[in-house]
Amino acid sequence: MPQNNFSKILLAAIDESLSSLGDSPKQAILFHLEDSFKIKKEQIPENITEFAKALEKIFGPGASYLEKLIVKRLHEKLGLDFENAESRDFLEHVDNVKKRLRPKEGYITL
């Protein structure tokens, strides 16, 4: 799967996960990401490490709830089974999804 397709799907999973909080909180988070952390919404996939750090600073321990939701939605969008491994952090999950997709490149059309 080309990187730009994965980025679009990841961004959609992030957007849907933030939307689950409600439109006003979602907009506030996106504003805070851009204003305080200099991460525009469309740049999140390319700055996923900084995004994860920003979530941690904004939500503290509560960031793990959003991260888990994002990872779950990402798996759903790609038709992958979600392995709820507590030992993996958010970035490891995202990287694992990328690795799982590589062998299937010729079979996934998005």
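User: Hi! How many helices and strands does the chain have?

Analyst: The chain has 5 helices and 0 strands, and the pattern read along the sequence is α-α-α-α-α. Helices (H or I, at least four residues) and strands (E, at least two) are DSSP runs, numbered from the N terminus. This is a predicted model, where local features need pLDDT of at least 70 and side-chain atom pairs count only at pLDDT 80 or more, while totals for chains, interfaces and linings use all residues. Residues are numbered from 1 along each chain as its sequence is written, and side-chain values use heavy atoms, with hydrogens and water left out.

User: Thanks. What share of the residues count as buried?

Analyst: Of the 110 residues of the chain, 36% count as buried. Buried means under 20% relative accessible area, exposed means over 50%, and partly exposed is in between (1.4 Å probe, protein chains only).

User: And what does the accessible surface of the chain come to?

Analyst: About 6500 Å², with 49% of that belonging to carbon and sulfur atoms. Accessible areas come from the Shrake-Rupley method with a 1.4 Å probe; for residues, only the protein chains shown count as cover.

User: On to charges. How many salt bridges does the structure hold?

Analyst: There are 6 salt bridges. The term stands for a side-chain nitrogen of Lys or Arg within 4 Å of a carboxyl oxygen of Asp or Glu. As a general point, side chains of opposite charge can pair when their charged atoms come close.

User: Which residues are linked in a network of salt bridges?

Analyst: That network links D15, K26 and K41. D15 pairs with K26, their closest N and O atoms being 2.7 Å apart. Because D15 lies in helix α1 (residues 3–19) and K26 in helix α2, this pair ties together parts that are 11 residues apart in sequence.

User: Are those two buried or exposed?

Analyst: D15 and K26 are both buried.

User: Where does K41 come in?

Analyst: The K41 side chain meets that of D15 in a salt bridge (3.0 Å, N to O). K41 lies in the loop between α2 and α3 (48–59) and D15 in helix α1, so this pair ties together parts that are 26 residues apart in sequence. K41 itself is partly exposed, with a relative accessible area of 33%.

User: What about K99 and D95?

Analyst: Their side chains also meet in a salt bridge (3.2 Å, N to O). Both lie in helix α5 (residues 90–101), 4 residues apart, about one turn of the helix. K99 is partly exposed at 48% relative accessible area, and D95 is partly exposed at 34%.

User: N96 is in helix α5 too. Which residues is N96 in contact with?

Analyst: Leaving aside its neighbours within four places in sequence, N96 is in contact with E83 and R88. Contact here means heavy atoms within 4.5 Å. N96 counts as buried because its relative accessibility is 18%.

User: Switching to the surface: which residues make the nonpolar patch?

Analyst: L21, F59 and Y65 make a nonpolar surface patch of about 280 Å². Patches are made of residues with over 30% relative accessible area and no salt bridge, with like charges joined within 9 Å and nonpolar side chains (Val, Leu, Ile, Met, Phe, Trp, Tyr) within 5 Å. Y65 is in helix α4 (residues 63–78) and is exposed at 53% relative accessible area.
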